[in-house]
There are 2 protein chains.
Amino acid sequence: MQKTLKDIGEFGLITTIESILKGQRGVRGLRLGIGDDAASLVPRQGYELLVTCDSVVEGIHYFPEFIGPKDLGRRAMVLNISDIGAMGGHPLYALISLGLKATTPVHHIEEMYRGFLVELSPFGAGVIGGNITRSENFSFIDITLIGEVEEGRVLRRSTARAGDAILVTGYPGQAAAGLELLLKGNGRGELVEHPLVQSYIRPRHRAREGKAIADTGCANAMIDISDGLLGDLAHICERSNVGALLIQEQLPVSDELRRGAASLGKSPYDFMFRASDDYELIITCDPGNIHSIRTAVSSICDVPLNEVGRIIDASEGIKLKLPDGRLEPVPPSGWDSFAG
Amino acid sequence: MQKTLKDIGEFGLITTIESILKGQRGVRGLRLGIGDDAASLVPRQGYELLVTCDSVVEGIHYFPEFIGPKDLGRRAMVLNISDIGAMGGHPLYALISLGLKATTPVHHIEEMYRGFLVELSPFGAGVIGGNITRSENFSFIDITLIGEVEEGRVLRRSTARAGDAILVTGYPGQAAAGLELLLKGNGRGELVEHPLVQSYIRPRHRAREGKAIADTGCANAMIDISDGLLGDLAHICERSNVGALLIQEQLPVSDELRRGAASLGKSPYDFMFRASDDYELIITCDPGNIHSIRTAVSSICDVPLNEVGRIIDASEGIKLKLPDGRLEPVPPSGWDSFAG
């Protein structure tokens with residue numbers, strides 16, 4: 001029978017985790033990692049520290065029947081790495097706070113930590129601390145991630161300007177469509193290899209691309225997409241006090257999303273606009289800087305970078321230009337955790 | 001009818017929280033607080049950053065029928081401040097990750113945030129970020145707290161030496177006794193003003209005392225007590241590879257604990273040794289340095305500082321010297337979240 005947390009106890013689990021983390025390379029500036037009341041680190045001069053936290057809750061953000069523990073660990077880390085990348089930063093130090101059911105198999109937690117490390121290692125980043133507590137009925141993973149960025153290079157969501165071009169990486173909406181395929185497909189089985197399902201289970205961050213964009217000094221604002229293309233564009237508009245005009249014909253729809261949406265009886269835009277954990281980037285910049293930003297992104301990978309519209313005056317709100325030329329006002333329709 | 005999170009939604013709640021946090025004074029080194037993908041800060045040169053995280057889960061660490069939302073906020077922050085203080089640090093930046101039921105009244109969250117600020121403000125510290133998510137059945141609060149300490153002044157748990165005196169602040173065990181009074185008392189009522197119950201509901205941290213002790217340079221090791229006096233002494237022994245001899249007659253038992261334990265039909269040591277969230281400090285130091293540490297603590301407040309034993313060789317384990325002179329080996333009996 002497989003061992004559970006109840007069998008080995010909190011301190012047994014800590015020992016297990018520490019032995020996995022021993023495989024980490026040294027993290028830059030770390031003086032003291034796991035094992036004391038707090039971790040200690042010495043930041044680099046000339047750099048700002050970026051700090052973000054995000055949690056995933058069983059039954060709300062993930063379903064154990066659809067995602068294994070290693071992918072779950074990767075996913076939880078990816079969404080935090082994405083936040084650091086969306087500011088133009090490089091992730092370094094992670095703290096993992098887990099709420100776990102006593103019946104959780106120990107090897108699930110080991111796999112989850114391996115998932116964390118798969119995502120952290122390429123950055124020379126590591127787990128430097130955390131907390132483990134028991135929870136009833138459902139588990140949660142809360143990660144705090146600290147990164148660094150050269151002073152003055154931070155890219156905010158509050159600094160878009162009217163006249164800016166709006167750029168988007170990749171194909172937002174694929175993860176939401178993948179989740180719906182899973183929910184309607186009664187379990188994994190042959191679905192697991194579907195490209196849309198893979199987008200949901202193994203999302204990619206664009207942290208390298210985000211840092212490369214910030215390093216150009218050519219972008220005005222940036223955000224990562226987790227509340228949907230419209231939801232996160234609305235965050236930029238609200239914080240920057242601007243509006244936006246999206247041109248539907250320029251929105252990136254992958255063949256997979258088009259086919260997947262059709263098979264679900266929906267439009268691909270239903271998935272692109274609403275909450276979807278794709279972790280792609282929205283960038284705004286002076287139209288004269290598009291080429292520099294395109295060059296920066298293509299130096300990292302061949303993800304498409306599409307110009308999808310313009311930042312306009314706040315008074316004009318957020319509008320979608322349809323293929324027939326009509327302008328449709330669009331309400332921000334992102335993810336609201338508490339919406340009934 | 002009072003408004004709940006379901007009524008105002010996630011983004012309504014964020015607006016509510018932001019308006020409470022506007023009352024915060026500026027936090028040293030903070031470039032960018034709440035409202036973007038990550039917060040940004042510029043650390044002071046010559047200082048290390050300390051990072052800790054700790055969560056409290058409804059039904060495991062707190063019971064809403066025993067503690068109001070403001071005290072709950074204070075308590076969750078105190079236990080993190082305590083961890084920073086136990087390293088000799090000064091708390092600065094907090095990130096608050098909440099898992100909340102949709103039925104939670106909005107004003108509970110407002111009160112909780114006021115509780116966070118009551119504890120942070122005296123340090124010039126503030127809330128710089130966080131995350132809100134829905135959870136089912138129970139709520140959780142996960143706090144990451146970042147502090148600073150002069151380079152080289154960090155006090156660890158892994159650096160106790162055989163021959164050190166063991167010092168303890170205050171009266172560990174009072175919070176555990178207070179909790180048991182509450183659990184056996186069928187609700188608050190007249191119990192709420194009981195000093196032991198107050199120790200549980202409104203614990204104090206010793207962060208100022210911890211920093212003053214670190215500043216003397218006279219202590220060898222330090223830890224805060226949350227797993228019980230024995231549990232946390234065992235952490236020091238394990239990490240420092242030493243043993244410990246405790247002298248029962250020197251252990252600090254308050255009159256309240258003595259009376260409260262008697263009324264519960266127990267020994268005060270039952271509460272002092274086992275998990276109890278008192279957030280007092282255990283300090284080890286060269287016996288010649290006791291006076292300096294006593295002076296540092298009394299410069300902050302009049303909490304008692306008792307010498308309760310000696311650090312001994314690892315081979316001797318952890319022992320308790322009873323009043324009749326017998327030596328009793330004691331197993332570490334701290335809090336294990338997953339213990340059946």
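Chain A is superposed on chain B by a rotation of 180° with 0.0 Å of shift along its axis, and the RMSD is 0.0 Å. The two copies are therefore related as by a two-fold rotation axis. The model described here is predicted. In general, a rotation about an axis and a shift along it relate two copies of a chain.

The place where the chains meet comes next. Chain A brings 64 residues to the contact and chain B brings 65. On the side of chain A that touches chain B, the element that gives the most is β3(A), with 9 residues. Sorted by class, that side of chain A has 27 nonpolar, 20 polar and 17 charged residues. Of the interface residues of chain A, 100% are also interface residues in chain B, so the copies meet through the same surface.

Strands β4(B), residues 90-100, and β5(B) run parallel and are joined by 8 bridges. B:R134 in β5(B) stands opposite B:L100. Strand β5(B), residues 126-134, is mostly covered, with 8 of its 9 residues buried.

The next step is the division of a single chain. The domain assignment of chain A gives domain 1, residues 5-150, and domain 2, residues 165-329. The centres of these two domains of chain A, taken over C-alpha atoms, are separated by 27 Å. Where they touch, 19 residues of domain 1 of chain A are in contact with 21 residues of domain 2 of chain A. On the domain 1 side of this contact in chain A, α2 (69-85) and β4 (90-100) each supply at least two residues. The largest share of that side, 10 residues, comes from α2(A). By class, the side of domain 1 of chain A that touches domain 2 of chain A has 9 nonpolar, 5 polar and 5 charged residues.

Residues 165-329 of chain A make up domain 2, and strand β7(A) spans residues 165-169. Why is β7(A) described as largely enclosed by the rest of the structure? The reason is that 4 of the 5 residues of this strand are buried. Strand β7(A) pairs with β10(A), residues 281-285, in the antiparallel sense over 4 bridges. It also pairs with β11(A), residues 305-313, in the antiparallel sense over 5 bridges. A:V168 takes part in both pairings: A:I282 in β10(A) stands opposite A:V168, and A:N306 in β11(A) is the bridge partner of A:V168.

Strand β9(B), residues 242-247, and strand β12(B), residues 318-321, run parallel and are joined by 4 bridges. B:K321 in β12(B) is the bridge partner of B:I247. Strand β12(B) is also joined by 3 bridges to β13(B), residues 327-329, and these two run antiparallel. In that pairing B:K321 stands opposite B:L327 in β13(B). Strands β12(B) and β13(B) form a hairpin with 5 residues between them, and B:G325 in the turn has a positive phi of about 95°.

Key: Residues are numbered from 1 along each chain as its sequence is written. Chains are lettered from A and ligands numbered from 1 in the order in which they are written. This is a predicted model: local features need pLDDT of at least 70, side-chain atom pairs count only at pLDDT 80 or more; totals for chains, interfaces and linings use all residues. Two residues are in contact if their C-beta atoms, placed from the backbone, lie within 7 Å. Ala, Val, Leu, Ile, Met, Phe, Trp, Tyr, Cys and Pro count as nonpolar, Asp, Glu, Lys and Arg as charged, and the others, Gly among them, as polar. A residue is buried if 20 or more other C-beta atoms lie within 10 Å of its own, exposed if 12 or fewer, and partly exposed in between; C-beta atoms are placed from the backbone. Two strands pair if DSSP finds at least two bridges between them. Domain bounds come from an automatic or database domain assignment. Copies are superposed by least squares on the C-alpha atoms of residues with pLDDT of at least 70 in both.
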